[in-house]
Amino acid sequence: MRQNESENEREREREREREREGKNEKEQRHEVIAALADRRSDVLIVGAGPTGLVLACDLARRGVRALVVERSPELFPGSRGKGIQPRTLEVFHDLGVLGEIMRWGGRAPIGMTWQGGTRAGEYRMFDDVESTEDAPYTGPWILPQWRTQRILLDRLRELGGDVVFGVELTGLDQDAEAVTATLIPTGGGSPVTVRAGYAVAADGGRSTVRRLVGIKMTGERVDPAPMLVADVVIPTLDRDNWHIFPPAADGTGFAALCPLPHAQEFQFVAQPAPVGSEIPAQDVRALVAAFTHIRAEEVTEVRWASDFTVNAALADRFRDGRVFLAGDAAHIHSPAGGQGLNTSVQDAYNLGWKLAAVLRDGAPEALLDTYEEERLPNAAAMLGLSTRIHRGEERRGAATRQLGLDQRDSSLTRETRTGLAEDALTAGDRAPDGRRDGLRLFDLYRGTHFTLLAVDTPLPDRLPPLPGLRTAQIGPYEVYGRGLYLVRPDGYIAWAGSATDPLDASADDLHAWAAQVTQPHRVESHG
């Protein structure tokens, strides 16, 4: 039923968008960009892909004024980054979009290999993982990127934000107090200068922002042959499997067709592929016929197509003064293993609460240094993982789910306990989910606050002066172990204390830690 309901949904959504705007798009862009010159934003976000939209949502719910500009006239139309990993689903739970993500997505179908037009057998690309109390989401969850972005944009608008489409960044300068950006409508018009406290490059692998601030990328060509990715409609092909067409005997040619949930399309990937700014539909149909048993005329629609070269590259640094790089602007992955979009979401999720802490809560400016400190090593690790999977050197195993990423080496992390078991949950780890004493931990953590969790131990009388701090006390929970855990707004354990230490000593240490991130605020109790 949902598949029929969603037929041509993108076209209907675009029409509704035009009706909502109620005036000529070019005229509105000119009016909006002129109005921008009269106000200052806290943060300028360049790019309305998943990275920019996640960051904008996170800032909006924290009361931070963000200006999001996107060069294209509308959201990205293709399915490219379709695999959402469990850690990203946890982020989406926190941002309030998980319901829609689950509604429109689906589990990755079992692979089916083909040889000579005949099914050759199942191929399981991903390990079967059961949901657990501490890690409730499994994956990858398949959702075309265009729909992920639409869900995020709808959420941003619910939170009072929006995106200015059809606006290009052409200049960027910074001083001790702000960045100054030059913007111009892509359809023509006069440039406008805007000021913002900080700027974030979320404008992709060919980032204009990265070029303007002079940050270099270091990397390698992972695969010499170009690839094609396209969204195609093939009514004659079943949607029960992820169809895989291995290379021919001479080692050339590879293709795959993945059915996209609640839609008519398959995502078609082929290598080698033609290269060009525009790939005609007949070329896509010809590749389908060349690499599979499906005839060209069975491809009734080609809704989107793009070529790309498989590169792996990492920015030499993620910050230049008041300018930050995030997402593909900071790291470019092979699509193998589904790490690019997910790593990008983690960038935005890490940066959002830190920008808000500095802009709204009086946190020291030095807190922003921890963005690069934490994200660059993690992005490098995921980059290496993607490359190894692409080259067949590693399976799509537990590391791809990103639940094991940690901040143990961060200067923001403090573990005060000693004598822990090797597999013990420690400061720097992701804070697991669970249900104890009528409380779901992910619901406790959800929001813009820090959380102090006492597991089988009392809470200290003197609480740290963290804004909106929530506290909770639960009984024994083996996943955590006995102790005190301060959970950051992005779901990592920032500080952990022993229940056997004097509570006053723990409170003193926790107060000292809190000085890194905030000024005194009211404390909210839950438990």
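I took buried to mean under 20% relative accessible area, exposed over 50%, and partly exposed in between, with a 1.4 Å probe and protein chains only. On that scale, 55% of the 527 residues in the protein chain are buried.

**Ground rules.** This is a predicted model, so I kept local features to pLDDT of at least 70 and side-chain atom pairs to pLDDT 80 or more, while totals for chains, interfaces and linings use all residues. Residues are numbered from 1 along each chain as its sequence is written, and side-chain values use heavy atoms, with hydrogens and water left out.

**Overall count.** I found 13 helices and 27 strands in the protein chain. Helices (H or I, at least four residues) and strands (E, at least two) are DSSP runs, numbered from the N terminus. For contacts I used heavy atoms within 4.5 Å. Among contacts between residues at least 6 apart in sequence, 71% join residues at least 24 apart.

I traced an open sheet of eight strands in the order 6-5-13-14-15-12-16-19, and its pairing is mixed. Two strands pair here if DSSP finds at least two bridges between them. Strand 6 and strand 19 (331–332) are the edge strands, each pairing on one side only. As a reminder to myself, strands of a sheet pair through backbone hydrogen bonds, either parallel or antiparallel.

**Strand 5.** I then asked: is strand 5 (residues 111–115) largely enclosed or open? It is largely enclosed by the rest of the structure, because four of its five residues are buried. On one pairing, strand 5 meets strand 6 (residues 118–123) in the antiparallel sense, over five bridges. Trp114 stands opposite Arg119 of strand 6. The two strands make a hairpin with two residues between them, and Gly116 in that turn has a positive phi of about 60°. Strand 5 also runs parallel to strand 13 (residues 242–245), joined to it by three bridges. There I noted Thr113 with Ile244 as its bridge partner, and Met112 opposite His243.

Next I looked up an open sheet of three strands, in the order 3-7-4, with antiparallel pairing. Its edges are strand 3 (83–84) and strand 4 (106–107), each of which pairs on one side only. Strand 3 and strand 7 (residues 141–142) run antiparallel and are joined by two bridges. Gly83 has Ile142 as its bridge partner in strand 7.

**Helix 10 and helix 11.** How do the axes of helix 10 (residues 340–360) and helix 11 (residues 369–390) cross? They come within 10 Å and cross at roughly 170°. That makes helix 10 roughly antiparallel to helix 11. The axes are lines fitted to C-alpha atoms, for helices over the stretch in contact, and angles run from 0 to 180 degrees between N-to-C directions. Angles under 35 degrees count as roughly parallel, over 145 as roughly antiparallel, 65 to 115 as roughly perpendicular and the rest as oblique.

Helix 10 brings Thr343, Gln346, Asp347, Asn350, Leu351 and Lys354 to meet Thr370, Tyr371, Glu374, Arg375, Ala379 and Met382 of helix 11. By class, this contact has four nonpolar, four polar and four charged residues. For the classes, Ala, Val, Leu, Ile, Met, Phe, Trp, Tyr, Cys and Pro count as nonpolar, Asp, Glu, Lys and Arg as charged, and the others, Gly among them, as polar. Helix 11 also lies across strand 12 (217–233), strand 16 and strand 19, running at about 120° to strand 16.

**Thr51.** I found Thr51 in helix 4 (residues 50–60). Thr51 counts as buried because its relative accessibility is 8%. Setting aside its neighbours within four places in sequence, I listed Ala202, Ala326, Gly327, Ser344 and Ala348 as its contacts.

**Glu298.** Where is Glu298 placed? It is in the loop between helix 9 (281–291) and strand 16 (301–315). With a relative accessible area of 15%, Glu298 is buried. Not counting residues up to four places away in sequence, Glu298 touches Val233, Ile234, Pro235 and Thr236. Glu298 and Ile234 are 64 residues apart in sequence, yet their C-alpha atoms are 5.8 Å apart in space.

**Cysteines.** Last, I checked for disulfides, taken as pairs of cysteine sulfur atoms within 2.5 Å. By this rule the count is zero. I also looked at burial: Cys57 counts as buried at 1% relative accessibility, and Cys258 is buried at 0%.
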